[in-house]
Amino acid sequence: MSGSAPPTPAVDAGGAAGLGALFPEALLKLLQGLEPDRPAQVAGEDGGTGTGAGDEASEYGQLAPVTHGPRLGIGMDSCVIPLRHGGLSLVQTTDFFYPLVEDPYMMGRIACANVLSDLYAMGITECDNMLMLLSISQKMNDKEREQVMPLMIQGFRDAAEEGGTSVTGGQTVINPWIIIGGVATVVCQPNDFIMPDSAVPGDVLVLTKPLGTQVAVNAHQWLDIPEKWNKIKLVVTREEVEQAYQEAMLNMATLNRTAAALMHTFNAHAATDITGFGILGHARNLAQQQRSDVAFVIHNLPILAKMTAISKACGNLFGLLQGTSSETSGGLLICLPREQAARFCAEMKSSRLGQGGQPGQEGGAGEGQQAWIIGIVEKGNRCARIIDKPRIIEVPPRGSVSGGQEGGGSNNANSTAAPSPTDIQSTVAN
């Protein structure tokens, strides 16, 4: 889209712009100033810390006093605020970023999917209301503005309607750059959401979208920048870059609503969505919220085809294999009981959402989504890591000859076939 250039380095074009994408530790430290005062912690019966009966996990791995239901706030995907009436909770989230794809309509869809994803990470499948945040670039002329902005708005609205909600208002401003995002709000019963704090040793980690969107978006930009393209043209063709870019757009625009519904069906213990902090950053943040002494260990990395080769050709510029590459509107990272995980992945592949946001045979756009078992939950000190030589699962574009089986191929020297969810589970277990 013309008329707008994000004020962030090119390496951030595929991830959430801003301080959080570049310096997650600095952002979380700054946000601590917004935290309400907490009572001093005391030792709990399980060896942890707490403030007494009725406590629930808070956003920084601490335990917050709760008088009428769980509370979750700064540092995690959504805030969960107990209401004064009827045992209900208000769940709310907001997000926005600069354009990262050329198609205005798809950019609108991606922005909306990204906002809703924070609710889906809590296992919430319904949204009561959305507001849209929109900044129009002052660098755009009248023709550009009249062509681009309505398409972005339409994409945002269409994604909201796909999620079973609608946009009822928001805020628009004039700014040097285009910015789009929104606010999603829902009022929930206690059983409508899953607090992200109950992972236990023996669980497995499931990821519902492949990694590599930042690399794909940047590689597509580099097609028109000779000095950049020359660095990667020996490992990838223009056609492969274009295919990866299109696949990345489709993935980013896909709602995580199916996965949210299946979290209830298969007894998920915790989840988060993968965005600006990368897979490892969000895994670490989620691990810190757990009530049990656990550690997340990632063994497998599902990555869009050819993005690993591009990342290596750039000298690991993106940190893709290290788990720090930003993602935009990525998948859910879910802690599931080991015996449920393979069934969850199989159901993701076949399910569509029916009425009420529940798995069914009508409506929705979740059919054909993949999911991969990528790691394990073991006893530890609330941390996360990727093993030294993770298995790289190359995920081909939809419709390609090699894309018919789950996981696609692998560039791991010890694996040339696509593993099924059960195979991956076995690999992790061993």
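How many bridges pair strand β5 (residues 79-82) with strand β6 (residues 89-97), and in which sense, parallel or antiparallel? The two strands pair in the antiparallel sense over four bridges. This is a predicted model, where local features need pLDDT of at least 70, side-chain atom pairs count only at pLDDT 80 or more, and totals for chains, interfaces and linings use all residues. Residues are numbered from 1 along each chain as its sequence is written, and side-chain values use heavy atoms, with hydrogens and water left out.

**View 1. The β5-β6 hairpin and its link to β9.** Strands (E, at least two residues) and helices (H or I, at least four) are DSSP runs, numbered from the N terminus. Two strands pair if DSSP finds at least two bridges between them. Val80 has Val91 of β6 as its bridge partner. Six residues lie between β5 and β6 in the hairpin. In the turn, Gly86 has a positive phi of about 70 degrees. β6 also runs antiparallel to β9, joined by nine bridges. There, Phe96 stands opposite Gly181.

**View 2. The open sheet of six strands.** The strand order is β11-β13-β10-β16-β12-β17, and the pairing is mixed. β11 (270-273) and β17 (383-395) are at the edges, each with a single partner strand, so one side of each has no neighbour in the sheet. From one strand to the next, the twist averages 20 degrees. Helix α8 (residues 257-265) packs on the sheet and touches β11 and β13. Its direction makes about 10 degrees with that of β13. Axes here are lines fitted to C-alpha atoms, for helices over the stretch in contact, and angles run from 0 to 180 degrees between N-to-C directions.

**View 3. Strand β16 and its partners.** Strand β16 (residues 372-379) has six of its eight residues buried, so the rest of the structure largely encloses it. Buried means under 20% relative accessible area, exposed over 50%, and partly exposed in between (1.4 Å probe, protein chains only). β10 (residues 204-207) pairs with β16 in the antiparallel sense over four bridges. Val206 has Ile373 as its bridge partner. β12 (residues 294-304) also runs antiparallel to β16, with five bridges. Phe296 is partnered there by Val377. β10 pairs with β13 (residues 332-336) as well, antiparallel over four bridges. Leu205 has Cys335 as its partner in β13.

**View 4. The largest nonpolar core.** A nonpolar core is a set of buried Ala, Val, Leu, Ile, Met, Phe, Trp, Tyr and Cys residues joined through side-chain atoms within 4.5 Å. Another core, of 19 residues, lies apart from it; Ala268, Ala271, Cys345 and Ile373 are among its members.

**View 5. Asp197, in the loop between β9 (179-188) and β10.** Asp197 is buried, at 3% relative accessibility. Its side chain makes a polar contact with the side chain of Ser198 (3.0 Å). Such a contact is a pair of N or O atoms within 3.5 Å; within protein, one must be able to donate a hydrogen and the other to accept it, and residues adjacent in sequence count only if both atoms are side-chain atoms.

**View 6. Cys112 and Cys127.** A disulfide is a pair of cysteine sulfur atoms within 2.5 Å. By this rule there are zero disulfides. The sulfur of Cys112 is 8.1 Å from the closest cysteine sulfur, in Cys127, too far for a bond. Cys112 is buried, at 0% relative accessibility.

Key:
Contact means heavy atoms within 4.5 Å.
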